[in-house]
Amino acid sequence: MSKLRARELGLPFPGITGPNNAITDVPGIQVGYKTLINNDPISPARTGVTAILPRGRNNTPQPVWAGMFALNGNGEMTGTHWIQDGGYFVGPIMITNSHAVGITHHAAVKWTIKQYQEAWQNNHLWAMPVVAETFDGVLNDINAMHVSEQDALDALDNAQPGAISEGNVGGGTGMIAYDFKGGTGTSSRLIEIADQTYTLAAIVQANHGIRPWFTVLGTPVGKLMPNNRIHALHEQGSIIVILATDAPMLPHQLKRLAKRAALGIGKNGSPGGNNSGDIFLAFSTANEQDLPQLSGPIRSMECLNDEVFDDFYMAAVEAIEESVINAMVAAEDTPTFKQPGDKICKAIDVQSLSSIVRTFHSIP
């Protein structure tokens, strides 16, 4: 039986969500996973790949307008130099572990060439996929490099719309958040602007924070749940945040939106630690058009007025906070690999979490 999500536990997260409370509530987006788990005592695999298709399985390559921000750059997200300068990317977004970036990038290039075969054969085009990572070496034998090209291709092939799994899945399989088992989480918000309903959503790979920092809706949960810690003093992880919307936004607006992810992860208590790669990408599926290389000299784009963006900023902060908690409440206990003695990275006790937060907020 699937676990209850954060809202279903009675945690009073604000905002109106889409039907799945997931990044796939943004029309056209598909998400797929390849999860690798074996408990070999010598070289365990607890890792995987997450694939996000911003435009689904469209066979025509189109720019996906984007902006990025690194709160703390102790990590990797490929393709971001051109996102900073050109304001867009083409193809999938992949999230995996730190040592699997290369093979996942290789697979994403292969998928892109095949998916857009006609355009790649008939034109001088190249692929610069977005591949991000966090470190899962505490729970997974990361140096064994378990992720293969086929695993990354499988994640892409598995991508689908609708409700998606959370916790120990895909790239989030071996991740730790606030000394509890972390992983993959998602959430969405609906926003009304000038009689038009837009969706803004997040998906996170949560592998960050230490227990004393952990806060949920203003409640100092970490200080009230101090047992079974994995990290003694220092953070050893990162968080990747992907924000998506169907609202029309220009690249500079999306960069400003990506910056708000820092406030989103801060809601759960993280200051953006030195060892944490806190890297954020925001993209819009609006303004579908041909690649610049295949277009004429004049281009036009529709965009929202900056003056209405406060609702999007708040939605981003709220969705990210909820995504992190969704990742944690869906997660499952996982044995450690690189820890003295036989330890278990425990998933958060959801009943204790619910009781603490509800009591703090005086919810019956």
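This is a predicted model: local features need pLDDT of at least 70, side-chain atom pairs count only at pLDDT 80 or more; totals for chains, interfaces and linings use all residues.
Residues are numbered from 1 along each chain as its sequence is written, and side-chain values use heavy atoms, with hydrogens and water left out.

Four strands form an open sheet of mixed pairing, in the order E1-E2-E5-E6. Here helices (H or I, at least four residues) and strands (E, at least two) are DSSP runs numbered from the N terminus, and two strands pair if DSSP finds at least two bridges between them. Strand E1 (30-38) and strand E6 (130-134) are the edge strands, each with a single partner strand, so one side of each has no neighbour in the sheet. Strand E5 (residues 93-97) pairs with E6 in the parallel sense over five bridges; Thr96 has Glu133 of E6 as its bridge partner.

Two helices pack on this sheet. Helix H2 (residues 101-115) touches strand E2 (45-53), E5 and E6, and its direction makes about 155° with that of E5. Helix H4 (residues 149-157) touches E1, E2 and E5, at about 140° to the direction of E1. Contact means heavy atoms within 4.5 Å; axes are lines fitted to C-alpha atoms, for helices over the stretch in contact, and angles run from 0 to 180 degrees between N-to-C directions.

Helix H8 contains Ser323. This serine, Ser323, is buried, with a relative accessible area of 0% (buried means under 20%, with a 1.4 Å probe and protein chains only). Leaving aside residues up to four places away in sequence, Ser323 touches Gly185, Thr186, Ser187, Ala202 and Val204.

Turning to open space, the largest pocket holds about 490 Å³. On a 1 Å grid over the protein atoms alone, a pocket is an open set of points with protein on both sides within 12 Å along at least five of seven lines, a cavity is a set where a 1.4 Å probe fits but cannot get out, and lining residues have an atom within 4 Å of a point. Grid points are joined across faces, edges and corners, and a volume is the space filled by probe spheres set on the points. Of the 26 residues lining the largest pocket, Lys3, Ser165, Glu166, Ala330 and Glu332 are the closest to its centre. The largest cavity has about 60 Å³ of space, and its lining includes Trp111 and Tyr116.

Conventions
Buried means under 20% relative accessible area, exposed over 50%, partly exposed in between (1.4 Å probe, protein chains only).
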